[in-house]
2 protein chains.
Amino acid sequence: MANAADRAYDAIRSGILDGTFPPNARLKEAELVTFCGVSRTPVREALRRLAAEDFVRIQRNQGAQVKSWSHDDLDDLFSLRALLEGHAAARAAERITAADLARLSDAIREMDAVLASDTAQSRKIAEFLRLNRVVHETVWQASGSDRLVSMLGHLVEQALMAHTAQKFSIARVAQSHHHHQELLRAMQARDAAWAEAIMRSHIRAARQALDPPAGAADGH
Amino acid sequence: MANAADRAYDAIRSGILDGTFPPNARLKEAELVTFCGVSRTPVREALRRLAAEDFVRIQRNQGAQVKSWSHDDLDDLFSLRALLEGHAAARAAERITAADLARLSDAIREMDAVLASDTAQSRKIAEFLRLNRVVHETVWQASGSDRLVSMLGHLVEQALMAHTAQKFSIARVAQSHHHHQELLRAMQARDAAWAEAIMRSHIRAARQALDPPAGAADGH
DNA sequence: TTCGGGCCGTTTGTATACATCGATCGGTTA
DNA sequence: TAACCGATCGATGTATACAAACGGCCCGAA
């Protein structure tokens, strides 16, 4: 994290993810200069990068604005993610190495341990999310397509931004964990179709979990 | 094309596509300043943008370099393109409007006219490529996913860069034309599976056409 | 009262000067 | 002679000053 542009990028990005800059907030360069502690040049560079990654929207001579996400955008995002993650899982099932299989297996066993342990739920969830990322990235890499890795990384970043208010329940985590276990079995069996199907379910379930429960429409 | 940054972007991008800056060429900011006729600030912005779009590679304190493409990169690129274009075609078949269908039909009929006309082959090919873009973009938009549109646009840009030396033969164009015609029939029949299958073939054929013919290994 | 036009403040866009990093080349030493 | 160290140069990274553009406001006229 040596240079100013990267520092500015990280600072602004964190600000967006933690809600300091809510959706639709206008990001003025002068404010970000004091916020990040660097001059306008690296701030501008960071903003352009964030725009390329779809975190903000830049209009000519009108600066940057934090992107907001509609219900349809989320559907769109997760539908593509399901397609690509499914594809990655299928390819991975056909070509995963013993080492990567072991890494998957280890991560999932570690999840077991975390969930069975006697720690606070929030801590459990945080740890689970970290391992979740390991599982997915292992699958992506095992797919053997660098481009797929970068595209999926990109989509997941956006998904992260879209639901700043993480609504992870412990029940949701348990379902997710079962998916991972089944995914591992599919990989061990080198069954591409199975791996793809379970991965798609996994992602679509994640989409579903973002919507409020059916009976809990707000305002009543 | 009002501002300097966009002018720089267009100039450098064209330079890469037309071979002025060959693969692996180092792009020094000072040289680009004279090449584009703007100062370093917009040149740098253009380079970062090109890096985000995978046209160049930037290393810290070492500037930018035009990306080069290996055989495997091309496989990777077209394999993903086949997946996504196929997906877009399937979705489009299910939800395409009458207006878009007419647009597809018109573009294809225009291709007929161009191919049957009495003009130079190079002119025919150029015109065909323009209409080809119209056909594909219509399908993307009809898919109803903005994200898919931007991802595919991105992948096609990269494909364009990867084969600067366009090796389009008239025979290749004819095959491509037949694919388009069949795609239109699949759309008219609203047969998603058919549309997806023909689109995949279409993209994989395009990949194949980039490799030199089997018997024509260079150097002999 | 409402619409149009021009002024002014704020914000972004561009140019340029300065700081810093890395690579190369030459000299010195083991 | 080979290897290492340091100076120097050229390139990128950063800061800042200046230019241009957008938006809001006030004022005047219909």
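**Figure 1. How the strands of chain A pair.** Two strands are taken to pair if DSSP finds at least two bridges between them. In this predicted model, E1(A) and E3(A) pair over two bridges, running antiparallel. In this part of the sheet, Arg26(A) sits opposite Gln65(A) of E3(A). E3(A) also pairs with E2(A): here the two antiparallel strands are joined by four bridges, with E3(A) covering residues 63–66.

**Figure 2. The whole sheet of chain A, edge to edge.** The three strands make an open, antiparallel sheet, and its order is E1-E3-E2. The edge places go to strand E1 (26–27) and strand E2 (56–59) of chain A. Each of these two has a single partner strand, so one side of each has no neighbour in the sheet.

Figure 3. Which residues of E3(A) face Val56(A), Arg57(A) and Ile58(A)? Val56(A) stands opposite Val66(A). Arg57(A) has Gln65(A) as its bridge partner, and Gln65(A) is also the residue that Arg26(A) stands opposite. For Ile58(A), the bridge partner is Ala64(A). As background, side chains in a regular strand alternate between the two faces of the sheet.

**Figure 4. The turn that links E2(A) to E3(A).** This hairpin has three residues between its strands. One residue to look for here is Asn61(A), which takes a positive phi near 60°.

Figure 5. Chain A has nine helices and three strands. Reading from the N terminus, its elements go α-β-α-α-β-β-α-α-α-α-α-α. Along the principal axes, the C-alpha atoms fill a box of roughly 55 × 45 × 35 Å.

**Figure 6. The sheet again, now in chain B.** Chain B has an open sheet of three strands too, ordered E1-E3-E2 with antiparallel pairing. Strand E1 (26–27) and strand E2 (56–59) of chain B are the edge strands, each with a single partner, so each has one side left without a neighbour in the sheet. Four bridges hold E2(B) against strand E3 (residues 63–66) of chain B, in the antiparallel sense. One of the facing pairs is Arg57(B) with its bridge partner Gln65(B) in E3(B).

**Figure 7. Where chain B meets chain A.** How many residues does each chain bring to the contact? Chain B gives 25 residues and chain A gives 25 residues. About 2000 Å² is buried between the two chains, and carbon and sulfur atoms account for 53% of that area. Of the interface residues of chain B, 100% are interface residues in chain A as well, so the copies meet through the same surface.

**Figure 8. The side of chain B that touches chain A.** Between the two chains there are eight residue pairs in polar contact. Helix H3 (40–52), helix H4 (71–95) and helix H7 (146–162) of chain B are the elements that give two or more residues to this side. Which of the elements gives the most? That is H4(B), with nine residues. Sorted by class, this side of chain B has 10 nonpolar, five polar and 10 charged residues.

**Figure 9. A charged pair across the interface.** Side chains of opposite charge can pair when their charged atoms come close. The whole structure has 36 salt bridges over all chains. The pair in this view crosses between chains, with Glu45(B) in helix H3 of chain B and Arg44(A) in helix H3 (residues 40–52) of chain A. The two side chains form a salt bridge at 3.7 Å, N to O. Between chain B and chain A the count is four salt bridges.

**Figure 10. Looking at the axis that relates the two copies.**

Methods: Residues are numbered from 1 along each chain as its sequence is written. Chains are lettered from A and ligands numbered from 1 in the order in which they are written. This is a predicted model: local features need pLDDT of at least 70, side-chain atom pairs count only at pLDDT 80 or more; totals for chains, interfaces and linings use all residues. Side-chain values use heavy atoms; hydrogens and water are left out. Contact means heavy atoms within 4.5 Å. Buried area is the accessible area (1.4 Å probe) that two parts lose on being put together, summed over both. A polar contact is a pair of N or O atoms within 3.5 Å; within protein, one must be able to donate a hydrogen and the other to accept it, and residues adjacent in sequence count only if both atoms are side-chain atoms. Ala, Val, Leu, Ile, Met, Phe, Trp, Tyr, Cys and Pro count as nonpolar, Asp, Glu, Lys and Arg as charged, and the others, Gly among them, as polar.
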